[in-house]
Each structure stands twice: as C-alpha cells, then as structure tokens.
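Could you walk me through this structure while I have it open in my viewer? I would like to know what to select next and what I will find there.

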Amino acid sequence: MATETKRQGRAQRGTRRKPTVLIAGNPNVGKSMLFHKLTGRYVTVSNYPGTTVEVLRGQMRWRGQEFEVIDAPGMYSLIPITEEERVARRILLHDKPDLVLHVIDAKNLARMLPLTAQLIEMGIPVVVVLNMMDELERAGLSIQVEALQQQLGVPVVPTVCLTGQGINNLKELIYERLAANPDLSARD
Ligand SMILES: Nc1nc2c(ncn2[C@@H]2O[C@H](COP(=O)(O)OP(=O)(O)OP(=O)(O)O)[C@@H](O)[C@H]2O)c(=O)[nH]1
Ligand SMILES: [Mg+2]
C-alpha cells in the first residue's frame with residue numbers, strides 16, 4: 001500500500017514540469033560559475049537546436065526539491081545581434097523559465113541595469129544577482145542593496161561566486177519563489 005502511494009506520487013510529479021531557472025546576463029559576469037555553484041553534478045551540455053551555441057543544463061536540489069537550471073549564453077540586450085544573443089532570447093521566449101537570475105557585475109551596475117529593465121518588462125519573474133561583490137569592495141565601493149531592490153521592485157542578492165558567498169541565500173530565495181508556491185512550478 002505504502003509502495004503504491006509512493007509510486008503514484010512519483011507518477012504525478014513526473015507529469016509536472018520541474019521549476020526552471022534561467023541564468024542570464026552580459027558575457028563574463030560569472031554566469032557559468034554561478035551555474036556550477038547551484039547545480040554541482042548532473043550537468044548536460046548540448047548545442048541549442050540548429051546552432052553551434054552550447055547550453056548547459058543541470059539540476060539544483062534544495063530542501064528536497066529539484067529545480068532545472070539553464071546557463072544561457074551571454075547577452076547585452078534582448079534585441080539580438082550575435083548568435084549567442086539569439087539563443088539566449090529564444091530560451092527566454094520558448095523555454096519559458098519560471099524565474100530569471102540576471103547576473104550583474106557589481107562594479108558595472110549602471111551599464112547592466114538596462115537589461116534588468118528589459119527582462120522585468122517581459123513579465124518573467126526576475127532576481128538580480130549582484131556578483132563580484134569582492135571586487136567592488138576591493139575598489140573601495142559599495143551598493144545600497146535595499147535601495148536598489150526597492151527601485152527595481154525585484155529581489156537583489158549580493159554574491160561572490162568565486163567563494164560561494166551568498167549562494168545559499170540565493171538558493172533559499174529560489175525555493176521560496178518557486179517551490180513554496182506550487183502554482184508557479186506548474187506553469188507551462
Ligand atoms: N573576483 C571574482 N571573480 C569572479 C566571480 N565570479 C566569477 N568570477 C570570475 O569571472 C570570470 C568569468 O566567469 P564565468 O562564470 O566564466 O562568466 P560567464 O558570465 O559565464 O561568461 P560567458 O560565458 O563568457 O558569458 C572567471 O574568471 C571567474 O573566475 C566573483 O564573484 N568574484
Ligand atoms: Mg559562461
């Protein structure tokens with residue numbers, strides 16, 4: 001009986017799409033490093049269909065829940081110029097992630113915020129990952145995270161992907177956004 005219930009539960013979960021998190025942002029901001037910190041093992045690398053652009057997919061586990069994580073190619077804008085940008089845009093539009101992590105180099109905040117605005121305008125839930133906080137601090141600078149969060153109207157999580165600082169906060173936020181709300185994870 002207990003085995004039967006377990007099997008049914010598995011079957012039901014099987015029909016429901018895993019919550020999907022897309023890592024997006026400019027080139028060279030730490031997206032792939034973040035991807036590896038979130039996923040660890042079980043990573044698949046494949047060319048995006050019809051292109052030579054590699055896309056990494058992996059699983060993140062947090063509090064017993066699984067999430068699909070996609071490492072998108074670097075993009076400067078949603079109006080694509082390069083093949084990488086075209087693929088990143090296609091993933092955003094067709095894979096319909098439940099959450100986009102917009103990774104930003106904290107030292108170049110102003111230059112990167114226009115893409116944040118574009119992503120928010122698309123209507124997909126966005127979390128800003130303020131990465132490379134170590135370099136910002138080394139340069140003697142700081143960012144008022146609370147104020148930035150209020151201005152953007154989306155969560156902002158400071159991280160140092162190099163050391164793992166802030167990663168657990170981010171995992172917790174992803175969990176709160178996607179797993180604590182089953183309606184969102186059923187989106188398709
Ligand atoms: N100091 C510092 N360096 C970092 C941090 N995160 C990533 N890096 C470094 O930044 C460089 C780029 O990291 P990647 O993860 O390859 O960046 P990416 O965004 O995936 O780059 P593309 O795939 O080319 O778009 C690497 O040399 C990382 O070691 C961080 O928090 N602090
Ligand atoms: Mg990368």
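Start at ligand 1 and select Val29: a polar backbone atom of this residue is 3.1 Å from an oxygen atom of the ligand. Keep in mind as you click around that this is a predicted model.

Next pick Glu135, which brings in its side chain: one of its polar atoms lies 3.1 Å from a nitrogen atom of ligand 1.

Now move to helix α4, residues 109-121. Its 13 residues reach 18 Å from the first C-alpha to the last, close to the 18 Å expected at 1.5 Å a residue. Which residues of α4 are buried? Select Leu109, Met112, Leu115, Thr116 and Leu119 to see them. An α-helix has 3.6 residues a turn, so residues three or four places apart point the same way.

With those side chains still shown, colour what they pack against: the strands β1 (20-25), β5 (99-105) and β6 (126-131), along with the helices α3 (83-95) and α6 (145-152). Then follow the chain out of α4 to Gly123, where phi is positive, near 90°.

For a last stop, select Arg63 and Tyr175 together. The charged end of Arg63 sits over the ring of Tyr175, 5.7 Å from the ring centre. If you go looking for aromatic pairs as well, the structure holds 0 of them.

Methods
Residues numbered from 1 in each chain as written. Chains lettered and ligands numbered in written order. Predicted model: local features only at pLDDT ≥ 70, side-chain atom pairs only at ≥ 80, totals over all residues. Heavy atoms only, no water. Phe/Tyr/Trp six-rings, centres within 6.5 Å; stacked < 30°, edge-to-face > 60°. Lys NZ or Arg CZ within 6 Å of the ring centre and 35° of its normal. Helix = DSSP H or I, 4+ residues; strand = E, 2+ residues; numbered from the N terminus. Expected span 1.5 Å × (residues − 1). Buried < 20%, exposed > 50% of the residue type's maximum accessible area, 1.4 Å probe, protein only. Contact = heavy atoms within 4.5 Å. Polar contact = N/O pair within 3.5 Å; in protein donor to acceptor, adjacent residues only side chain to side chain.
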